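Here are a few notes to read alongside the model. Keep the structure open and follow the points one by one.

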Amino acid sequence: MIRFTLFILLLGLRFTSSGQTNLFLIGLPDKDTIDHQHPVFNWFYTSSQQGRDIVRYNFILTELKKNQSAQSGVTVNQPLLRINGVQGFQLMYPYDAPKLEFNKRYGWQLEKTVNNVIVEKSEAWEFILYKPVKEPYKYAVLSTRADATVYE
């Protein structure tokens, strides 16, 4: 929590000194290793404008090839997942999206849209699913007959 607060404070100083508005990725950190198939992606945007503009984000995720940078991958490769019109600053990887695979690298990026026009893109970051994901226990099929087996 302290590191996150310090990060936001540093961002605030950066915005104040430069006077620019920027889109920053927060998590998954760049080159992170994860052990679950439904990560949560976070970003931060600050704006000096107060208005009635409709701000949304487009989320892009692609599989990276060997020795390919995240920026190159999200620019050139076919997206594995693209979600347009995300509101807020957080997105959980959807359960109905293509499954993330063990030992594969993925790149992700955000596009900021204002009134449905892309006005800014974040840098691209990458992550890897570093260990096999075990399937959860399956439900047992129960029998209505008296000769059914007992499950614990």
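1. First, a term you'll need: two strands count as paired if DSSP finds at least two bridges between them. Keep in mind that this is a predicted model. With that in hand, look at the hairpin of β7 and β8: two residues sit between the strands, and N115 takes a positive phi near 55°.

2. β7 and β8 (residues 117-121) run antiparallel, paired over four bridges, and T113 stands opposite I118 in β8. There's a side-chain link here too: K121 and E111 form a salt bridge, with the closest N and O atoms 3.8 Å apart. K121 belongs to β8 and E111 to β7, 10 residues apart.

3. What else does β7 pair with? Strand β4 (residues 55-63) is antiparallel to β7 over nine bridges, with R56 partnering T113. Strand β9 (residues 125-129) is also antiparallel to β7, joined by four bridges; there, W108 partners W125.

4. Is E111 buried or exposed? Its relative accessible area is 5%, and buried means under 20%, so E111 is buried. Nine of the 10 residues of β7 (residues 105-114) are buried, so the strand is largely enclosed by the rest of the structure.

5. Now try the salt-bridge network linking D30, K31, R105 and E126. K31 meets D30 at 3.9 Å, N to O, and K31 also bridges to E126, again with the closest N and O atoms 3.9 Å apart. K31 is in the loop between β1 and β2 while E126 is in β9, so this pair ties together parts 95 residues apart in sequence. K31 is exposed at 58%, whereas E126 is buried at 12%.

Key:
Residues are numbered from 1 along each chain as its sequence is written. This is a predicted model: local features need pLDDT of at least 70, side-chain atom pairs count only at pLDDT 80 or more; totals for chains, interfaces and linings use all residues. Side-chain values use heavy atoms; hydrogens and water are left out. Buried means under 20% relative accessible area, exposed over 50%, partly exposed in between (1.4 Å probe, protein chains only). A salt bridge is a side-chain nitrogen of Lys or Arg within 4 Å of a carboxyl oxygen of Asp or Glu.
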